[in-house]
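Here are my notes on this one, in the order I'd go through it on screen. Have the viewer open while you read.

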Amino acid sequence: MDRFRMIFQYFQSNSESVMNGICGLLALASVKMYTSFEFSCPCLPHYNMAYGLGIMFIPPIILFLCGLILNRQSLVMLEEWRRPPGRRKKDLAVIRYMCSSIMQRAMVAPVVWIIVTLLDGKCLICAFSGSMDPKKFVGFANVSTVQVQQLLAKVPCKDEELLRNNTSHKAVSRYLRCWSQALGWSILLILIIAAFLARWLRPCFNQTTLLQARHWSNYIDIEQKIFEETCCEHSRLFAHKCILHFFESMQQEIKLHSFSLHGEGEGAEGGEDLLQGITDQEQVNKLLKTWYYEKPPLDVSQAHQR
Amino acid sequence: MDKFRMIFQFFQSNQESFMNGICGIMALASTQLYSAFDFNCPCLPHYNLAYGLGILLVPPFILFLLGFVLNNNISMLAEEWRRPQGQRGKDPAVLRYMFCSMAQRAMIAPAVWLSVTLLDGKCITCAFCTWVPVGTLGNASHPHLSQGEIQRLLARIPCKEIYDGQELIANEVAVRYLRCISQALGWCFVLLMTTLAFLVRSLRPCFSQAAFLKSRYWSHYIDIERKLFDETCAEHARSFAKVCIQQFFEGMSTDLVAARCHLPRKAPADAGEAAEKLLGITDQGTMNMALKSWHRCKPPLHLHPPALPTGNGWAGEGQPPTHPSAPRKETAAYYSWV
């Protein structure tokens, strides 16, 4: 439990860490989505390509957009970009830094999906089985053109009766899966090398600018959070004063209208404060009715001056 | 348990996070509901469409309404909308902001249900199995079958055990076709929703940031004010009840003294607090009468001014209460049981 709490606090304390956490969660969600998604190739001549490529590219777009939506810093960056300059100049380097860091984090989940798809192979087999050259495979070489398209389209569906007598479909599957996995591993290798180089070579170029941009982007983020917290705190105090003022004005109204001999001087002990001079069912009802029908104005300046 | 408590506390501390938490729980509940639901296509020509579309569209509507019901702010919005103007003007921008933020959160669980249903494929397969293009996918030249017969055969596609139209169109081919269409629809729907969400979120800072900050502040303010008012009323009710009950016991004790016509036994000085708390009721019979009186004749909701400050029990000091009839009524009722 302690470990979990420590991890939780670590992630919360640093907004970059929070974003890395979200990024990691999205990547895991992407893998989970792929494994729970029931891939079902239509095995029809023109539908295969659309389905296969669709499954390979549409979810990454969705994951990319999700990565942008869930990242709080994208809103902060947009606000900083669109705000009027006012008395504070805008630094484009900071905005560029924020933009690139947001994009990098948002790209992780789509890339994970594409790589998992390629390494699994089902998408590519479905998409490109119809585009295979039938002459390369013994079982399809002597079949008529129209029928070969049909047969090739049915290769991803292993339970087809038409293919039971034809073992070349396994050859097509293996061939396509081999290409798919090779492509997957190559993309992974290229990306990792690119990330490695970018991280290693970055200190060689513009280190000062980078440090400044990172500092000020962090600052803008923190300033935004603190402003929101201060607003919350302020509205709480405002509401407190407003309600107290309302109860006091009710108390005054009651004193004006009732002829009780109970003087103002004795009113300040013990439970009397809490009761605010409201000691009767009708008075309470009147207070509640007034609260609904005539909410007090949003102005606590009088209460403040008292 | 500690882990859950920490997560719970995190969500509660921030109102918006709490709403997001409920939203996330409903989305998870929606997927769980779908996987627990035993989908059973009727496999009859006209019932399939009704059943399939019903399962596709009715639960999202229910989840949408549930999203509003579970949101505490709905009553706040209704109150703010319907209250009379009084001394405080109403800002329609604030009302719009509150409604939009509630509607957005309420739409997530239905959208999850629709996506999961479409990506799974069973609903669309059930609903549209009679619309499969037999000409392109199957053997359209199969003779001696009327339109009604073909419909009946196609309607059984989702039920593999009773499907008898293998010569017309292979079951796997039809199911794969329908599922492919369903999944394509599902992914397109998810893409559309995500794009909309992205546009809504990213276009707002570009156009109406100042108005947005104002609406957000005042909607939080209304929420906090309502909660603080409820807390203040609860505290007031507590004090009111305390004083009311104290006065009831004091009233009892005074009447007892008057009824017995003997000098009150003054508690010895060193019995202290315990004697005070007994409020003059020191035997079983008296206590039983006090309890009966509490049940049969509750005191009026009116506190006598002089007895308010402290609870030292004797209401005998000179004080004309504003409603002198009330204590007399109490005494009369009490006497009737003597």
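1. Into which domains is chain B divided? Domain 1 covers 1–207 and domain 2 covers 210–259, with bounds that come from an automatic or database domain assignment. The C-alpha centres of these two domains of chain B lie 44 Å apart. Their contact (heavy atoms within 4.5 Å) takes 15 residues from domain 1 and 13 residues from domain 2.

2. Before going further, some bookkeeping. This is a predicted model, so local features need pLDDT of at least 70 and side-chain atom pairs count only at pLDDT 80 or more, while totals for chains, interfaces and linings use all residues. Residues are numbered from 1 along each chain as its sequence is written, chains are lettered from A and ligands numbered from 1 in the order in which they are written, and side-chain values use heavy atoms, with hydrogens and water left out.

3. Back to the two domains of chain B. The area buried between domain 1 and domain 2 is about 1,200 Å², and carbon and sulfur atoms give 60% of that. Buried area here is the accessible area (1.4 Å probe) that two parts lose on being put together, summed over both.

4. Two residue pairs are in polar contact between domain 1 and domain 2 of chain B, both at pLDDT 80 or more. A polar contact is a pair of N or O atoms within 3.5 Å; within protein, one must be able to donate a hydrogen and the other to accept it, and residues adjacent in sequence count only if both atoms are side-chain atoms.

5. Which element gives the largest share of the side of domain 1 of chain B that touches domain 2? That is α4(B), with five residues. Helices here are DSSP runs (H or I, at least four residues), numbered from the N terminus.

6. Now the chain–chain interface. Chain A and chain B bury about 6,400 Å² between them, 69% of it on carbon and sulfur atoms. The contact takes 68 residues from chain A and 60 residues from chain B. Two salt bridges are counted between the chains, along with eight residue pairs in polar contact, both at pLDDT 80 or more. On chain A's side, α9(A) gives the most, with 13 residues.

7. Have a look at Arg216(B), which sits in helix α11 (residues 209–260) of chain B. Arg216(B) forms a salt bridge with Glu228(A), the closest N and O atoms being 3.4 Å apart. Is Arg216(B) buried or exposed? Arg216(B) is buried, at a relative accessible area of 17%, where buried means under 20% (1.4 Å probe, protein chains only). Leaving aside neighbours within four places in sequence, Arg216(B) is in contact with Glu228(A), Glu16(B) and Tyr97(B).

8. Last stop, α4(A). Eight of its 11 residues are buried, so α4(A) is largely enclosed by the rest of the structure. Among the buried ones are Leu75(A), Val76(A), Met77(A) and Leu78(A), but also Glu79(A) and Glu80(A). At the start of α4(A), a side-chain oxygen of Asn71(A) reaches to within 3.1 Å of the backbone nitrogen of Gln73(A).

Technical notes: Helices (H or I, at least four residues) and strands (E, at least two) are DSSP runs, numbered from the N terminus. A salt bridge is a side-chain nitrogen of Lys or Arg within 4 Å of a carboxyl oxygen of Asp or Glu. Buried means under 20% relative accessible area, exposed over 50%, partly exposed in between (1.4 Å probe, protein chains only).
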